[in-house]
Structures are given as structure tokens and as C-alpha cells.
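Me: I have a structure to go through. Please take it one question at a time.

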Amino acid sequence: LHVRPATPADLPLFLALQEQVFIGNLAPDERGDGFISTRFSPAELEEILAFQGLFLAFESEKLAGYVFALPWDICSRRPLFRQMA
């Protein structure tokens with residue numbers, strides 16, 4: 001597994017994975033391996049990239065996952081994150 005900061009060139013890969021694991025795109029029996037319940041728009045991702053807050057994990061050259069490290073001013077815009085806090 002190789003983890004590195006995302007670059008603007010990675011956005012298409014990220015967006016494709018985001019759609020692949022979005023709960024609204026999965027049948028109930030497909031959710032057992034995990035899913036996301038909120039999407040990030042390309043505009044939000046540009047801001048996150050400027051903050052250097054998106055990291056991608058690759059396994060055998062394939063995007064396998066991601067993690068965000070974001071300041072509260074970005075996270076707090078989402079009701080789910082405000083509720084979790």
C-alpha cells in the first residue's frame with residue numbers, strides 16, 4: 001500500500017471511487033465492505049487540495065482508498081460533521 005497527497009491530476013480517480021462507494025449507488029448487500037454517505041464536489045475538492053488535506057492510498061497502482069485531514073471551517077459546512085462534533 002502506498003499513500004501520498006492527492007494532486008489535481010488525481011481528481012478524476014477520486015471522483016470515480018467516490019461514486020463507486022457512495023451509499024446511494026450501492027444495493028444493501030453491497031454495503032458490507034463500507035461506503036460513504038456524503039459526496040465532495042469538484043469545487044470543494046479544489047479547496048481541499050489547496051489545503052493539502054486529501055491523501056490517496058494505492059495498491060498495485062489502483063486507487064484503493066482515501067482519507068481527508070481538514071480544518072473545521074471546511075468540515076463545519078456539512079451538517080453530518082457538525083452533528084458528529
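Me: In what order do the 3 strands form an open sheet?

Reply: This is a predicted model, in which local features need pLDDT of at least 70, side-chain atom pairs count only at pLDDT 80 or more, and totals for chains, interfaces and linings use all residues. Residues are numbered from 1 along each chain as its sequence is written, and side-chain values use heavy atoms, with hydrogens and water left out. Strands are DSSP runs of E of at least two residues, helices are runs of H or I of at least four, and both are numbered from the N terminus; two strands pair if DSSP finds at least two bridges between them. The pairing here is antiparallel, and the order is β1-β2-β3.

Me: Over how many bridges do β2 and β3 pair?

Reply: Strand β2 covers residues 54-59. Phe-58 stands opposite Leu-63 in β3. β2 and β3 pair in the antiparallel sense, and the number of bridges is 6.

Me: Is Gln-18 buried or exposed?

Reply: Gln-18 lies in helix α1. Buried means under 20% relative accessible area, exposed over 50%, and partly exposed in between (1.4 Å probe, protein chains only). Because its relative accessible area is 2%, Gln-18 is buried.

Me: Which residues is Gln-18 in contact with, leaving aside its neighbours within four places in sequence?

Reply: Contact means heavy atoms within 4.5 Å. With those sequence neighbours left aside, the residues in contact with Gln-18 are Ile-36, Thr-38, Arg-39 and Phe-40.
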